[in-house]
Every structure is written in structure tokens, then in C-alpha cells.
Amino acid sequence: MGLEFQEWMLNRHEKIKEWKAKTGQKCYGYLCCMTPEEILYAAGILPVKVTGSPDKLEVVDKHVVRYACPYVRSLLDLAGRGVYEYLDGVVVCNSCDIMSRCEYYWRVLSPKAKPTIMGAELSPYVLYIKSPEKISGPGVHEYLRDEFRIFKQHIEREARQMITDEMLSQAIAVYNEHYDWLGRLHAFRKTQPLKVSGSEAFMVEFSSLQMPKDQHNRLMASYMQELEKRQPLSNGGVRLFLSGGAVDQFTSQIYNIIEECGGHVIAEDIGVGTSYLDRKMDTSIPPMDAIVKHRLDVHCPHTMTDDPHPRERFDFIKSKLSGTEIHGAIFFIPMFCECRNLEYPFLKEKFRDELNVPVLYLESDYSQGSLDEARSKVEAFIEMLKG
Amino acid sequence: MLSAGIDVGQHAIKVVLLEENIVLAYQNMVTEVDADTGARQALENTLKEANTSFDRIQRIVSTGLGRKEVSFSHLQRTQETCAARGAYLVLGKACTVLDGGAGGCRAVKVGHGGKVLDFASNSKCASGTGSFLQIACEVLQIDLAKLDMLAGQADGIAKVSTTCAVFAESAIISNVHRGFSIEDICAGICDSVATRLLEVLSRAGIEKDVFFCGGVAQSKTITRTLERRLGATIHVPTYPLLTTALGAALCIS
Amino acid sequence: MEEKQAKTAPSKKAVETAKEVWPYVKREYAAAHQAKAEGKPVVWSCAVFPKELYWAMDVFPVFPEHFAVITGMMRRGGTKDESVEKEAVRFARIAESAGFASYLCGYARSSIGHALTGNLADAPLGGLPKPDMIITTSFVCDLRGKWLQYLAQKLNVPFFVLDIPERGCDIPFFQPGLRTALLPFYNKIKRGERDLFFSPPADHELKYTQRQWEEVAKFITNVTGHKYDQDRFNEVMDLSYRTNELRLEILELRKAVPAPMGVADGLSTMYPGLYTTGTQRAHDFYVKLRDELKERVAKGLGIVPEEKFRLLWMGLAPWFNMSLFNYFEKYGGAFVFEPIYNMCPFPPRMPEDPFKELSIRTLQQSGGLIAPSMIGQAVSTIVNAVHEYKVSGAVLFYLITCRPVVYPTVEIARVLQEDFGIPSVPLECDLIDERTYSEAQTFARFDAFAEQLLKHAV
């Protein structure tokens, strides 16, 4: 079943098109974990995370300036070239300065035709959710619930069916099982001796963002059983935490590079899978509230609170590392990623002072060149950790 | 134990042959053949100079950009690790190594025993490296030694204020057209390189002692500029190009 | 050793009232220090945050963002010696050594570097008084929230962020394809009614925003003990509204040919309105400016003896070298308008619920009326301005570290050229970090652009 995870990661476009042809159902692309996937799932729509590729850029320069996240430029270029033409819709959230602007960019780049009146779309192809930046404080829960409610209304129009609370609860049950499996994988990676590599774990998590969750859940059941029986990977490997952005099926090479240099990533904070959605939804409250509460528990570099000491980001990272030890941390930050870079000096200090581990900073420009360049720095870092 | 350190750089291959911490012989060979062939040739030349043979060598460690291409090395180690070891052997104490080469510049904070404590580098951009100096030399049509000498004779600095090497080329040309003296223009170029080196140095953390090596360390003007700006003595070894190869020869698995 | 480098200089002012801005600025900073010395609470805040509540609750606002502009213009100790780098560069280096990337906003790097020196007073104009609290907002850009939060952490003071989620481009007016069709209608509408083109804030947006505004008042009370008083707040809001009306009048006067006031003066005279809105001094300043411009229009006085071509400036300013705004004058070119931070109509006064009014205003501003952040709005603002101010070319500031300004630039250039045949030229550098500036490249581009516009004008 490792092959099936891999297929969905490396051949995701073909797999999704096959799924659409087989089921006759729709598929929506999304950019960020704030997206209420459960609403899409409840409507029978497959949510898939849109990512970039190493392809040379062909069309995006006509609309998007070079001083912008190279990962987003890449995924927009794919949109512009029609690689994502199989999507029936796209969901953009207020995830960061460049991602929120994808609402405009995707529309202007994508050749997808939708019926319009005077330029205004009858059934929007691109849906924008004005998600809050604050995750706590008065009024934020109600606000996000209203944003999700409006989104649900659009999806109901598109899907031609009402989404009842019961349908949402069923979707939540599937997603909760998903979070549970990934939580177990995450816990398993922290145990010693290490039996699963970071690159393999990434593939398992990433594939879950492309395929139907119930299908992934079934694969996970046998996969976790198989993992328990495995032999340890290696002894005395250098254990690392990875924090970064724009990590997808292309730039996940960073995991392989780390492994080839003698290290292993045992946990991460990279905006994929359980990075931020690492707990189950609360089923004791109405389903919309459960989804809202779950998303307001996302502690990503973009989110904010009124705490002048943004401890919650470091506390969140520490919780991911609880019960295990690491020797170092690697920050793999895309160029122009202001949210990540601005918190980096604070987090570096905390890693040093509270966890007593050194940190390596790698700048990515979402290119093979920057991955190759990262290799010698990773090597030097691991040499340094080994002493 | 006889060991050899081979530093395969962008333009040259440096070799140091070491026995009981004593340098028996060394080479700095500019080459255009592939790294493996070049490394072999450079090592052979070094062995000839030391009047010894390949089979006596117990450990060969390769470093530098082409370290993985040296098929006959026993170990490959990064430039950070090797620069740290080499500097510690020469200086005998904890320091920050500043290594300015053709392909990049790096700063390594070195603890006791030559242990790497932290490092920073600037290899993506040409600014602050030997490549930047080479671009400048091509624009002015002089060699590096002459550029350094002229810079030392300047009484002003025609500033190259931009941080980008691509823009810097047009900035140098612009300075020429404005009629600044060649000495002041060269001083501006050295000043710009020193500024970039200081930025990398400050990211690694500056120890009391700074050890400056690599091709860029051959510039007396840049060294003096760094000293002035840091308010400290910069240690430049007699053979600044060989520090990393020396460090490689010291590495054990 | 003497250093010779690219010349950077302040701009030449055409309007007399503009020359009063620098003394006005210095008085504000002196007043801030004075307030601190007298034990009055000081808040650090940001440019796009409405200021009225601060004046109403007797808290003195200071702006690290504006202070960063000052550091971009001045050298240490106020020296004119060009071998001494500008303070913005000194501070940026400190921030970069601490691990902040050079692609981060120049304002943020200067401000963070300044805070990291540990000596807030060792900076131009006596530096900044230490704040008692820091209040910012999340809209326009991610950085203004997080950078000020970082400062609050470093200075160990209470912090509040007013969260205004970025509004999208779902307004038909901003949809690609519809823009051109609506242009003639837009230009016929009076400036004071243009807010009708923006979709009104949704109930839940308004509720969330208003809840937070009320929290801001509570937060200020918790920190300072000062109580919120609605009558006092309404006084300040009245003054602010009337000041805005004056600024709208000024924007109308600036449409005249020849332009009575250009961008050099425009970017300078925006200070009182942007940073001291709601004060009598800001109001009086714009009365003076308005009267002077009326006179200049009546007399047909312009920026250049003969306008050969009119230019629009898009984006903020290269504060370290404002002389660029005079660059085209030797060709007879004048920078006549800059849309950034130029006021649009405030919603009607609601004295019975001023927080609701302020929430509507904040959401309209978020929708693009003050610093258009989303692409559709940004493009439309420029397209409208180009037509209103009869501009034949635009200089687009590709602010390499200011995301909300640089993101729409390519689209703006494309739409202006493809849809309207209006050429533009980019200037690529930072707001205040002059290390990023290439004089050679800039002058070459500007000269070629001037030639192109002159040829077209013939």
C-alpha cells in the first residue's frame, strides 16, 4: 500500500481524473488548511490540496510579480497552463498576503469558463473565505462560523443539494478517523528506535490531501499494522525537527536530503497534514461549531493572538515534540515568506534556550537549485551535531 | 599517520599532506579538468614534492564543492567542518573563521578542539565572494593583485552601494563614467566585499578572534577594512588558500 | 576616508504649505517625548489604524512605520556627511544579523533593528518614547501585525491587534472585463458618493469589527485607566470627518491642468491627515493647503513652467531619495498624482453609534479606499486615477519588500498598456533601505521613459 500512497502523491492529477470519471463526482482545489474540507466532503465533493511543480514557469510572469512566494507562483502557473482544469472549483482563504490574492490571480490566469453576467460569475469558480487572522478573542468564532455558513451556501448551490447537520456530522466522523490515524503515525515516529523515515511519513500525509479521506483511512488501517512489524531504520541517527513552508511533492526532497546526510525528521511544522490539524473535532457541539473550533485551533505562522509573547507558536511546536528528544531543528523557509521569517528569530532563541538544540536556516526559492544548495548546509549541520 | 586533505574548489584544487600535525607539502592547482582527475593530479604533485608515495597515505579526506566527485577519498567533509579544524590548528584557540572563496563566503564559529558551534554562509549571491571580485576585475580589465594594490592607494571610496552583484557591475561602470579615480573605484569594490563578509560574519556570531582565509583573504585592503570596522585584529594565515584542505587532512571519521 | 556615492536628496517643494510639514513632524515627535515625560500614556500604532480613539482617550500615538521613514532620510546624529550611512541601513543590518531576512519590509527591519539596539533614544529626533502599549491591525499586510507584536514582545508591553480580514474582489466593479465598461460611469459620480460602488460590509463583518473596536477601547482603559467617553469621541470624529472633506476637496483641485500640486508635495502633505487625524492642527493645516491650492489653480500655477507630460506615481515613496519626484521636470514632465493613502469618502456620521461608523469606515478602507490591498481594487484605483488626472504615463514602484504595493504592479502595467495604451516604467528598490537602489538602472529607465512620452506628446 506504500505504492498506492506514492501513486496519489506523484501522479495525483491522473488519479483524481480517474476518480472523477469513475464516480461522476466533483473536485475542488484548495490552498490552505483553514479550508473547511468537511463541508465539501459532506456535499460529495473531493477536496484536493493544490501545489506547485518544478516545471519552468510559462504564463505567471504576465500577471504575478517575481517578488512573490515562488511556490504560489508555481501553482498559479499550473492553473494558467490548464494543468488544474479538472477542478470544478477553487477555495482560497485569507491565509497570507499572497494566497489571499490568489482569488484574483486564479480567475485571471485560469482558462476555466464559467457563465457570467457583466463579468460577475453566476456560480463562482473561485470562492474566497475571509478567514480571520486572530484565532482567539471576542466575536471570532461567530465571525468564522458566518464565513463558513456563506461558503456552505455556495457549495449547496454548486452541488445542488442542501448540506444538513447530519451530513456534516458524518463527514466529521470520517475526518476525525483521519486525524486519529495521522496522530498515531506522528506518535509512532517519535518512538525509538525509528522505524519509518520522514520522507515516507510525508508521502503518507501528502497523499491524504489528494485522495478521498475514507479511502485513505482504509489504507492507514493496514499500513499502521505493517509499520509495527518493521525493523528499525538505523541506529544513532540524528533526530531533527523540520519547520518550513511550501513543502509539497517536489520540495519534499528536503526529507530525502536530510536522510542522505545522516539525519531523520521525526516531526514537523510545514502546513501539510497533521502539522496544524492534529487533533479531532469536538462532536459534543453542533457540527459547524465543531469545524470552526477546529480551525481556530490552527497555530500556523499566519495566525495571531493578543499575546505580546507569541508563546503559542512555540508551545505548539513543543507539544509536537513532547515525549521525545531531538538533536537539532531545520527551518526551510521559502523566499518572501514573511510570516515564517518574522517568527524565526524568536523560535530560534526558544529552541536554543528551552530545548538546548541548534537551528539551521535554509532559504528555499522553490527550485531544484536551492534544494541542491541546501544539501551542503544540511551536511555541515549534521556534521556539527555529530561533533 | 600520513593524511591528505583535498579541497576541490570552483577554480582550483588545493591539497595538503599532513603527518603528526606537520605540513609536509601542499599544492594549489588551477585546473580545468574534471574534479576526480584534477584531484588525482594535484595529489600526485604534492606527493612528489614530499618525496613520498600514495600507498603511504592512511587517510584521504575531500572537501569543497567537488568533494563527492573525488572517487579515491576515504571521507568527505563539508567546508564548514574543515575550515574550523584548519583554523583551530593554525590559531590554537576558539575563533570565528571567515572563509571567502570564489563560490561563496562562510563564517564558522569554532569552539575548543576545532568543534563547529554555528555557521552562516552566502553562496547563492556573488556579492562578498571571489566571483564578485573577478567580475569587478573583468570590468576594469585588471587582475586581483592590481585591484588590491590600487585600492590600498586610494584616498576616497567610490561607493558601490547596491547589494546585488548584477547591479554592482553597472554601478562600477557608472563610477568610471563619473570620473572617479581608478584607486577610489577599487577601494569601493573592496569596501562592498568587506560589507558583505561582515554581514555573514555577524550571522554566525563574532568571537573575539577572527580568522580570515580563502582567496578573498589575499586582499590586504579587504582585511584592513574588516579590521577597521570590527575594531579587532584579523588573523590571516600565511597560506590563506590552504586552511580548508588542512582542516580536511585533520578530519577523522 | 572620504566616500563618494550615488546622490540621494529630499525633493524640491512647489507648494508653500508643503514646506510646513517638516516643522509639523518635528513638533509631533517633540510632543510625543513631552507626553512621555509628563507621564501620559504613549501607544505605538500603525499608519492604517484610525487614530481618533487615541485622541479621544488621551493617549499619544507614535508610529514606528513613520519613524522608519525618518530613519531612511537621516544619518546618525543628524550629520550631512554622506560617508555615514542612513540610520535605516544601520538598523536594518542589526535586524538582519539577528536573522530577519533582507526581503522583509524595510520599515520592519529598521524598526526592529532600532528596538534591538536597546537604546530607543539613539536615533533621529530623539528616537521614540517607550510605549505603554502597542496596538496594530491585521489588514493591508501580514507584517504590520507581526512586526509590532515582535516589538511588544521585545519591549514587554501589552499588545492588541484589530483583526480586519482582507476583503476579496467579489465586487462586480473589480472583476476583470468589467472594469473598462464601468469606467465612464465611475467618472461621472461625485467623489463623495463613490463609496456606493463598493459592496457594503456584510452584517457579520461589521459585527466582528465593531466588537473588536469596543475591545480596543476596553484594552486602552485596562492599560491606562482612561475611560471611554462617547461625547469626546464624537468631537474627535467630527473634526476628522471635516478634515477628510477638506482632503477630498484638495484631491479635486489637484485635477486641474497645470497640476497645482505634485507628488513630491502630496506625499509630504499626507502626514498630518494620515497620522494626526482628528486633531485641530491637522484640520487647520488642510484649510491652509486647500486655500493655497485654490489660489494656484485660479492663477494657473503648476509644478513645471510647461507640462509636456503628466505622470502618476503608484505606491509608497523611496523615502531615502525623494528627489526622484523632481527627476522628470527637466523634460517638462510632472508627477501630478499619487493614489496611495489618499482619502476617499468617510461614511456618514453616526454620533449615536460612532463605533459602528468607525467599523464601516475600517471595512471600506479594507476594501481598498485608503491603501488598496487586493489586486482588483488596486488595479481599478490606478485605472480611475489615470483617467481623472489626465495622466499619460505611470511610474510603478516595484517595492521589493512591500508586498501589498508590489503584488498588483504587473497587473497594473499590463492593464494600463493593453486596455488603455498607457505606458509605465518600474522603479525597483526598497522604501528606505538605499542599499537596494541602483541609480544607474533608475536613471537609464527614466530617461528612456521620458523620451517615449515626449515622442507620444508631439
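1. Domain bounds here come from an automatic or database domain assignment. On that basis, chain A of this predicted model is divided into domain 1, residues 2-163, and domain 2, made of residues 166-200 together with 231-386.

2. How far apart are the centres of domain 1 and domain 2 of chain A? Taken over C-alpha atoms, the separation is 23 Å. The two domains of chain A touch through 33 residues from domain 1 and 34 residues from domain 2.

3. On the side of domain 1 of chain A that touches domain 2, the elements giving two or more residues are the helices α1 (2-10), α3 (37-42), α4 (70-80) and α6. Of these, α6(A) gives the most, with 6 residues. Sorted by class, this side of domain 1 has 20 nonpolar, 8 polar and 5 charged residues.

4. Chain A also meets another chain. Its contact with chain C involves 47 residues of chain A and 53 residues of chain C.

5. Which elements of chain A give two or more residues to the side that touches chain C? They are α5 (97-109), α6 (140-159) and α13 (338-354) of chain A. The most comes from α5(A), which gives 9 residues. By class, the side of chain A facing this contact with chain C has 26 nonpolar, 9 polar and 12 charged residues.

Note on methods: Residues are numbered from 1 along each chain as its sequence is written. Chains are lettered from A and ligands numbered from 1 in the order in which they are written. This is a predicted model: local features need pLDDT of at least 70, side-chain atom pairs count only at pLDDT 80 or more; totals for chains, interfaces and linings use all residues. Two residues are in contact if their C-beta atoms, placed from the backbone, lie within 7 Å. Helices (H or I, at least four residues) and strands (E, at least two) are DSSP runs, numbered from the N terminus. Ala, Val, Leu, Ile, Met, Phe, Trp, Tyr, Cys and Pro count as nonpolar, Asp, Glu, Lys and Arg as charged, and the others, Gly among them, as polar.
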